[in-house]
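Thanks, everyone; I would like to take a few minutes on one surface feature and the strands around it. Please have the sequence and the model in view while I talk.

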Amino acid sequence: QRFPARIKLTLLNEVGALALVTQAISDKGGNIDGLNLQAQEGIRDFFELEILLEVFDVRHLNEIISEIKSKASVSQISRVTG
């Protein structure tokens, strides 16, 4: 059984950055249920990305977060709670 989890990250606006993130999620066995991408106001080099995932448990979520965090294009990442 999978559970919903939401993460938010700041991503460098460069070719292939989004593909690296989605590939990392796929490689770790996660599933994307929703994705919201927004440019940061006044900053063209980065954008905010919020992803709704399906994960098996908290450990699975942490593995996905660690994998995404290892990508050079990712400036910051956090789990969204509440």
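Let me start with Leu 35, which is partly exposed, with a relative accessible area of 42%; here buried means under 20%, exposed over 50%, and partly exposed in between, with a 1.4 Å probe and protein chains only. This is a predicted model, in which local features need pLDDT of at least 70 and side-chain atom pairs count only at pLDDT 80 or more, while totals for chains, interfaces and linings use all residues. Residues are numbered from 1 along each chain as its sequence is written, and side-chain values use heavy atoms, with hydrogens and water left out.

Leu 35 sits in strand E2, strands being DSSP runs of at least two residues, numbered from the N terminus. Together with Leu 18, Ile 32 and Leu 37, Leu 35 forms a nonpolar surface patch whose accessible area is about 290 Å² in total. Such a patch takes residues with over 30% relative accessible area and no salt bridge, nonpolar side chains being joined within 5 Å and like charges within 9 Å; a salt bridge is a Lys or Arg side-chain nitrogen within 4 Å of a carboxyl oxygen of Asp or Glu. Areas come from the Shrake-Rupley method with a 1.4 Å probe.

Strand E2, residues 31-40, supplies the largest share of the patch, three residues. E2 pairs with E3, residues 43-55, in the antiparallel sense over nine bridges, where pairing requires at least two DSSP bridges. Ile 32 has Leu 53 as its bridge partner in E3, and Leu 37 has Leu 49.

Conventions. Helices (H or I, at least four residues) and strands (E, at least two) are DSSP runs, numbered from the N terminus.
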